[in-house]
Amino acid sequence: MRAVVFSRYGDESVLELARRPEPAPADGEILVEVMAAGVNPVDWKHREGAVRNDRAFPLGLGWDVAGVVRATAPGGPAVGDAVYGMLPLPYGGAYQELAVLPASAVAPKPQRLSFAQAAAVPLAALTAWQALEAGGVSAGLRVLVHAGAGGVGHFAVQFARHFGAHVTATASARNLDFLRRLGVDEPVDRATADLSAAGPFDIVLDTVGGPVQHASWRLLRPGGTLVTLPEPLDEAHRLPGVEARRVVVAPDGRALGEIAALLDSGAVHVEVQSVLPLEQAATAHRISKEGRVRGKLVLGL
């Protein structure tokens with residue numbers, strides 16, 4: 001089968017399109033013919049060596065898949081079913097023609113979505129879903145989402161609105177109208193806004209890290225919760241009376257089923273900036289690392 005792999009850590013030039021043996025599902029796993037694979041920042045972080053695993057080179061890439069079941073497990077979907085799901089971290093293997101996933105990690109593909117659109121959903125949407133759950137989102141709470149136009153962010157703002165929260169989100173000036181279309185109550189320009197004037201918040205979702213995490217502590221009310229995603233909590237900036245936790249996404253087919261219902265109902269929208277062929281995985285990584293992606297990038301197979 002065709003697969004994008006890399007044999008050493010480095011920039012996007014280490015990626016190669018190769019012929020690899022077809023994977024064989026283990027107990028509890030299914031085999032999926034991949035029609036499209038989502039691209040996430042963790043993909044290029046894996047390629048650079050910031051995210052590692054214990055497998056030998058060459059290593060596969062990617063965690064988001066949408067495709068058709070070719071072999072199944074007891075209790076899993078039927079052969080021929082269209083599914084979408086996320087491979088378990090830290091073992092990538094989505095940028096290839098066939099992928100194996102736990103049967104529990106997939107759900108029926110949302111009917112309204114193409115395979116490319118569906119492949120843009122799992123990791124980012126599950127990250128947003130699990131982060132808001134960790135923050136205790138509920139109706140009436142004030143939620144701030146940093147980078148609300150990005151992959152995780154654009155799902156987080158929609159889920160928070162779905163749960164009845166008041167949503168503030170940051171973005172570049174060119175994406176403020178996009179945030180409004182997603183239902184954000186207060187879109188703010190990340191370059192000029194005084195977020196302290198918009199707060200205090202009950203939940204702050206940090207999708208950026210670094211200085212953004214550091215500044216976020218001061219934006220929370222006493223008893224509020226900071227949820228950070230890209231890096232561990234920096235305890236040097238902790239403030240008394242503020243809860244904080246880091247969320248690392250995990251596959252969850254049940255939650256993807258709930259998310260699929262929201263997508264099919266039109267309550268939630270997935271934004272795909274570009275669909276590139278598998279051969280252009282390096283280009284997709286370069287675009288992703290530049291940090292100017294609205295929604296998601298996808299590789300079509």
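Predicted model: local features only at pLDDT ≥ 70, side-chain atom pairs only at ≥ 80, totals over all residues.
**View 1. The largest pocket and its lining.**
Look for Pro-41, Lys-45, Val-152, Thr-207 and Pro-230, which lie nearest the centre of this pocket among its 41 lining residues. A pocket here is an open set of points on a 1 Å grid over the protein atoms alone, where a 1.4 Å probe fits, with protein on both sides within 12 Å along at least five of seven lines; lining residues have an atom within 4 Å of a point. Its volume is the space filled by probe spheres set on the points, and grid points are joined across faces, edges and corners. At least two lining residues each come from α1 (41–48), α3 (122–135), α4 (151–162), β10 (166–171), α9 (281–290) and β16 (296–300). Helices (H or I, at least four residues) and strands (E, at least two) are DSSP runs, numbered from the N terminus. Helix α1 gives the most, with 4 residues. Sorted by class, the lining has 21 nonpolar, 12 polar and 8 charged residues. For that sorting, Ala, Val, Leu, Ile, Met, Phe, Trp, Tyr, Cys and Pro are nonpolar, Asp, Glu, Lys and Arg are charged, and the others, Gly among them, are polar.

**View 2. The second largest pocket.**
This one holds about 440 Å³ of space. It has 22 lining residues, and the closest to its centre are Pro-23, Arg-55, Gly-92, Gly-93 and Gln-96. Two or more lining residues each come from β1 (2–6), β4 (59–60) and β7 (98–102). The class count here is 13 nonpolar, 6 polar and 3 charged.

**View 3. The largest nonpolar core.**
Now for the greasy side chains: the largest nonpolar core has 85 residues, and Tyr-84, Tyr-95, Val-121, Phe-155, Phe-159 and Ile-259 have the most contacts inside it. Such a core is a set of buried Ala, Val, Leu, Ile, Met, Phe, Trp, Tyr and Cys residues joined through side-chain atoms within 4.5 Å. Buried means under 20% relative accessible area, exposed means over 50%, and partly exposed is in between (1.4 Å probe, protein chains only). Helix α3 brings the largest share of this core, 8 residues. Zoom in on Ile-259: leaving aside neighbours within four places in sequence, Ile-259 is in contact (heavy atoms within 4.5 Å) with Tyr-84, Val-121, Ala-125, Leu-126, Trp-129 and Phe-159. Another core, of 12 residues, lies apart from the largest one and includes Val-204, Trp-217, Leu-219 and Ala-244.

**View 4. A sheet of three strands.**
Follow the order β2-β1-β4 and you have an open, antiparallel sheet of 3 strands. Its edge strands, β2 (15–19) and β4, each pair on one side only. Strands count as paired if DSSP finds at least two bridges between them, and β1 and β2 have 5.

Beyond residues up to four places away in sequence, His-46 touches Phe-6, Tyr-9, Val-51, Asn-53, Leu-59, Gly-60, Leu-61, Trp-63 and Pro-90.

Most residues other than glycine have a negative phi, and most peptide bonds are trans. The bond from Phe-57 to Pro-58 is cis, with omega near -5°, and Pro-58 sits in the loop between α1 and β4. The bond from Leu-89 to Pro-90 is cis too, with omega near 5°; Pro-90 is in the loop between β6 (82–86) and β7. Ala-147 is not a glycine, yet its phi is positive, about 60°. You'll find Ala-147 in the loop between β9 (142–145) and α4.

**View 5. Strand β12 and its partners.**
Strand β12 (residues 201–206) has 6 of its 6 residues buried, so it is largely enclosed by the rest of the structure. Strands β9 and β12 run parallel, paired over 3 bridges, with Val-143 bridged to Ile-203 in β12. Strand β13 (residues 220–228) also pairs with β12 in the parallel sense, over 5 bridges, and Phe-201 has Leu-220 of β13 as its bridge partner.

How values were computed: Residues numbered from 1 in each chain as written. Heavy atoms only, no water.
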